[in-house]
Amino acid sequence: MTTPPPELPPRPDPSGGLRASHGEREAVVERLRDAAAEGRIDLDELDERVGLALTARTHAELAVLTADLPGPGPSGSLPPLVLKGGAFGASRGPGRWEVPGRVIAHGGMGGVKIDFTRVECHRAEVVVEAYGETSGVTIVIPDGWAAETGGMHPGLGGLKDATTPDRLPGTPLIRLTGSGGVGGVVIRHPGRRERRKLSGNPPQG
């Protein structure tokens, strides 16, 4: 008796039937959030499209969600910045650096510090996903920037929000999510020593 050959999976449709990855779904979600921040879609439509993006199976299903939106600019295509606090810690800033739409920080054993005080960020919103873990995460934002910390779980180490709500027009909102872990998460404006360094070494034009 001849054994029939095993059935092969259907070939992907070159017109967009390729399966979407988690990263591709997240990229579309980020693009939709940017479009909402720019006023291209309203919040109800954002929620609807994000839900469809997160459950999309193929490239075609993702493509239709952004078909009526302009393509992302150079900064819009930046991948998330991931910082991990190893034995000696990790930091980003205070020098100039290009800010992506999402920053992920793991405090680990050495801690992480993210300093936005010298960046030029034209985004309406930056998501910072912080996990304090053992040694904590510190985030420093310029005066005039504001933070939204409602999505942050304090964990054992807690969350310390020492920022002011006085957000200046044209500045980004830092949307903080994640967990304080054991080491905790701190978000604040520059301290006295940091201000002295900033005033003594102003950013070059």
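**Entry 1: strands 1 and 3**

I began with Lys84 and found that it stands opposite His106 in strand 3. I was working with a predicted model throughout. Strand 1 and strand 3 run parallel, and I noted four bridges between them. Next I asked how well strand 3 is covered. Strand 3 spans residues 102-106, and four of its five residues are buried, so I wrote it down as mostly covered.

**Entry 2: from strand 3 to strand 5**

I moved on to Arg102, whose opposite number in strand 5 is Val127. Strand 5 covers residues 125-131 and is joined to strand 3 by five bridges, again in the parallel sense.

**Entry 3: strand 9 and its two partners**

Which residue is the bridge partner of Ala130 in strand 9? I looked it up, and the partner is Gly178. Seven bridges join strand 5 to strand 9, and these two strands run parallel.

Five strands make up an open sheet with parallel pairing, and the order reads 1-3-5-9-7. Which strands sit at the edges? They are strand 1 (81-84) and strand 7 (146-153), each of which pairs on one side only. I also checked the angle between neighbouring strands of this sheet: on average they are turned by 15° against each other, direction ignored. A reminder to myself: strands of a sheet pair through backbone hydrogen bonds.

**Entry 4: aromatic rings**

How many aromatic pairs does the structure hold? I got two. One of them is Trp97 with Phe116, a tilted pair at 5.2 Å centre to centre, with 35° between the planes. This pair links distant parts of the chain, 19 residues apart: Trp97 lies in the loop between strand 2 (90-92) and strand 3, and Phe116 in the loop between strand 4 (112-115) and strand 5. Both Trp97 and Phe116 are buried.

Phe116 also pairs with Trp145: the ring centres are 5.7 Å apart and the planes stand at 45°, so I logged this pair as tilted. Trp145 is in the loop between strand 6 (137-140) and strand 7, 29 residues from Phe116.

**Entry 5: burial of the rings**

Buried or exposed, I asked of Trp145? Its relative accessibility is 6%, so Trp145 counts as buried, the cut-off being under 20%. Phe116 comes out at 0% and therefore counts as buried.

How values were computed:
Residues are numbered from 1 along each chain as its sequence is written. This is a predicted model: local features need pLDDT of at least 70, side-chain atom pairs count only at pLDDT 80 or more; totals for chains, interfaces and linings use all residues. Side-chain values use heavy atoms; hydrogens and water are left out. Two strands pair if DSSP finds at least two bridges between them. Axes are lines fitted to C-alpha atoms, for helices over the stretch in contact, and angles run from 0 to 180 degrees between N-to-C directions. Buried means under 20% relative accessible area, exposed over 50%, partly exposed in between (1.4 Å probe, protein chains only). Rings of Phe, Tyr and Trp (its six-membered ring) pair if their centres lie within 6.5 Å; planes under 30 degrees apart count as stacked, over 60 as edge-to-face and the rest as tilted.
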